[in-house]
Amino acid sequence: MPVITSSLRQLWPLYLGFLVLALCWLGPLPAMSRTAFSAHMLLHLGVTALAAPLLAIGLACAGLRLGRTDRVGRWMLLAFAAEMVVVWGWHVPALHEAAAYNVWLFVVQQICFLAVGLAIWLLGFAARSRFDIAAAMLGFFLTFAHMTMLGVLLFMAPKLIYPAELCLGAFGFEQLEDQRFGGILMASWSAVVYLAGTLALGVRLLDDKPAEEA
C-alpha cells in the first residue's frame, strides 16, 4: 500500500481534479451533450483529459508509486488499449446515439471515460522504473495520435456522421459546424494534453537519479 507523506498543499491537483469532475457531471454539459456534439466533446475531454490527469497527479503527489513487481508494463498495455477502444467505441454513431437517448448508457459512457482516463494517467505518473516510464511515454504518444486522428476525421467529414438532432449546436453552430467543432476540440486538446504527458514522462526518464524498482 502507498504511504501518504505529502502535505495538504501538495495535494491541490487532487482537489482540483474532483472540482473539475463535479463541474463536468453536475453542470449543464451532460444535458447539452445530448443535443450538441461540441458539448459532448467538451464533457468527454473535461473528464478524460482534464479531471483524470489532475486526479492522477494528485495521487502521485500523495505518494502512490508502482513497482515492476506489480507488472506495471502489462497493465499499461491493457490500459492504453482499453482507452483507445473506449474512445473510438463510444464515438461509433450507433453507440453515441444510444448514449444520448438512454440515461443509463450515458452514465456507463461517462464512467468508462473516467476509468480509462484515470488508468492511463495513474499508470504513467505512478510508474517508477525506466522501462515503465518509457512504456508510458509510448502509450501517451499513441493516445495523442489516435485521438488527434479521430478529431481530424470528424472535422474533415463532408457530411454529418451523427443524427442531425444530436448536432443541433450549443454555441450558435449549424449542424455540420457543430460536429466539426467537436473534432477540432478533440484534435487540439488531445495534442496539448497527451503531448504534455509524453514530455513530462520524458523529463522523468532523463532524470539523473530515477527511482529504482521496488
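The largest share of the lining of the largest pocket, 7 residues, comes from α7, a helix in the sense of a DSSP run (H or I, at least four residues) numbered from the N terminus. Before I go on, please keep in mind that this is a predicted model, in which local features need pLDDT of at least 70 and side-chain atom pairs count only at pLDDT 80 or more, while totals for chains, interfaces and linings use all residues. Residues are numbered from 1 along each chain as its sequence is written, and side-chain values use heavy atoms, with hydrogens and water left out.

Now the pocket itself. On a 1 Å grid over the protein atoms alone, a pocket is an open set of points with protein on both sides within 12 Å along at least five of seven lines, a cavity is a set where a 1.4 Å probe fits but cannot get out, and lining residues have an atom within 4 Å of a point. The largest pocket has a volume of about 240 Å³, a volume being the space filled by probe spheres set on the points, which are joined across faces, edges and corners. Its lining counts 13 residues, and Met 76, Leu 77, Phe 80, Gly 139 and Leu 142 are those that lie nearest the centre. The elements giving two or more residues to this lining are α4 (72-90) and α7 (130-156). By class, the lining of the largest pocket has 9 nonpolar, 4 polar and no charged residues, where Ala, Val, Leu, Ile, Met, Phe, Trp, Tyr, Cys and Pro count as nonpolar, Asp, Glu, Lys and Arg as charged, and the others, Gly among them, as polar.

The structure holds 1 cavity of 30 Å³ or more, and the volume of the largest cavity is about 40 Å³. Its lining is made by Ser 33, Arg 34, His 40, His 96, Ala 99, Ala 100, Phe 106 and Gln 109, with α5 (93-101) and α6 (103-126) each supplying at least two residues. Helix α5 gives the most, with 3 residues, and the lining of the largest cavity divides into 3 nonpolar, 4 polar and 1 charged.

Finally, a word on Ile 161, which lies in the loop between α7 and α8 (175-205). Ile 161 is partly exposed, with a relative accessible area of 36%, partly exposed being the range between buried (under 20%) and exposed (over 50%), with a 1.4 Å probe and protein chains only. Ile 161 and His 91 are 70 residues apart in sequence, yet their C-alpha atoms are 9.8 Å apart in space.
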